[in-house]
Amino acid sequence: VYGTDPLDADTDDDGLSDGDEVNVHGPDPLDPDTDDDGLNDGDEISEGTDPFDPDTDDDGLTDGDEVHVPGTDPLDPATDDDGLNDALEVALRTDPLDHDTDDDGIPDGQDTEFIENAINGLSDDAFKDESPGKGLRNALLRNLENAERAVARGQVAQAIHHLEIVRGHLDGCGATPDGNDLIVDCAAQVQIRDLLDLLIDNLST
């Protein structure tokens with residue numbers, strides 16, 4: 001009926017018997033990785049992840065990637081509890097297994113480092129009227145460094161003030177940037193603005 005091999009207890013060699021797949025857990029007994037997330041069904045059951053959901057904790061990394069690549073917890077969207085989810089940390093080159101990647105005493109989610117990494121990853125033509133764009137990039141980075149120094153001194157309100165100054169220069173881009181926006185590539189501007197909002201929110205709570 002199921003197309004499984006009656007002479008093989010585990011037709012798809014995923015670590016679950018055909019009977020358990022059909023009667024207990026429900027994954028496809030002919031597919032070792034039912035949700036195609038890089039983690040076979042047997043390992044999903046042993047890890048406690050959902051064999052029907054490629055990203056059990058909804059952090060943006062597949063269960064297989066979490067287990068096999070950075071080694072993050074596929075059941076916890078922010079493995080190191082630093083205020084940044086695992087996928088964001090991987091994308092922005094902070095360590096999802098270390099709550100303070102640069103060992104400066106500030107948790108990654110309250111540190112400007114992840115935004116600095118994102119800004120440094122932008123092409124020069126993302127910035128307004130700059131060729132090669134270093135001046136405006138450096139202006140943004142200087143304000144972020146001022147915010148980081150304020151956090152290190154415990155002056156959170158002052159840090160948020162510096163971040164809001166930066167955000168004021170990234171507040172356009174529905175369809176076009178505002179006249180005072182320093183980043184004129186709309187996708188890039190929205191990305192950096194969202195990261196600033198995340199950092200402000202993390203510092204405010």
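What follows describes the whole chain and then looks at selected positions one at a time.

**Overall form**

The model is predicted, and its secondary structure consists of eight helices and zero strands, so that the order of elements from the N terminus reads α-α-α-α-α-α-α-α. The C-alpha trace spans about 70 × 35 × 25 Å along the principal axes of the protein. The radius of gyration is 23 Å, whereas a compact globule of 205 residues would have a value near 17 Å.

Of the 205 residues, 41% count as buried, and the accessible surface of the protein comes to about 9,900 Å², with 48% of this area belonging to carbon and sulfur atoms. When contacts between residues at least 6 apart in sequence are considered, 39% of them join residues at least 24 apart. The protein carries 9 positive and 59 negative side chains, and the centres of these two sets lie 25 Å apart.

**Selected residues and their exposure**

| Residue | Relative accessible area | Class |
|---|---|---|
| Thr 94 | 6% | buried |
| Gly 42 | 11% | buried |
| Asp 55 | 13% | buried |
| Asp 13 | 59% | exposed |
| Asp 36 | 60% | exposed |

**Thr 94**

Thr 94 is found in the loop between helix H4, residues 86–91, and helix H5, residues 113–120. Thr 94 counts as buried because its relative accessible area of 6% falls under the 20% cut-off. Leaving out residues up to four places away in sequence, Thr 94 touches Leu 84, Glu 89, Thr 101, Asp 108, Glu 113, Phe 114 and Asn 117. With Glu 89 there is also a polar contact, made between the two side chains at 2.7 Å.

**Asp 55**

Asp 55 sits in the loop between H2 and helix H3, the latter covering residues 63–68, and Asp 55 is buried with a relative accessible area of 13%. The side chain of Asp 55 reaches the backbone nitrogen of Asp 59 at 3.1 Å. Beyond four places in sequence, the residues that Asp 55 touches are Gly 60, Leu 61, Asp 63 and Glu 66. Asp 55 and Asp 35 are 20 residues apart along the chain, and their C-alpha atoms are separated by 9.2 Å.

**Gly 42**

Gly 42 lies in helix H2, which comprises residues 41–47, and is buried at a relative accessible area of 11%. Neighbours within four places in sequence aside, Gly 42 is in contact with Asp 14, Gly 15 and Leu 16. A separation of 37 Å, C-alpha to C-alpha, lies between Gly 42 and Asp 102, which are 60 residues apart in sequence.

**Asp 13 and Asp 36**

Asp 13 belongs to the segment before helix H1, residues 18–25, and its phi is near 55°, a positive value in a residue other than glycine. Asp 36 is placed in the loop between H1 and H2, and the phi of Asp 36 is likewise positive, near 55°, in a residue other than glycine. Asp 13 is exposed, with a relative accessible area of 59%, and Asp 36 is exposed as well, with a relative accessible area of 60%.

Notes. Residues numbered from 1 in each chain as written. Predicted model: local features only at pLDDT ≥ 70, side-chain atom pairs only at ≥ 80, totals over all residues. Heavy atoms only, no water. Helix = DSSP H or I, 4+ residues; strand = E, 2+ residues; numbered from the N terminus. Rg over C-alpha atoms; globule rule 2.2 N^0.38 Å. Buried < 20%, exposed > 50% of the residue type's maximum accessible area, 1.4 Å probe, protein only. Contact = heavy atoms within 4.5 Å. Areas by Shrake-Rupley, 256 points an atom, 1.4 Å probe, with all protein chains shown as cover. Lys, Arg positive; Asp, Glu negative; His and termini not counted. Charge placed at Lys NZ, Arg CZ, Asp CG, Glu CD. Polar contact = N/O pair within 3.5 Å; in protein donor to acceptor, adjacent residues only side chain to side chain.
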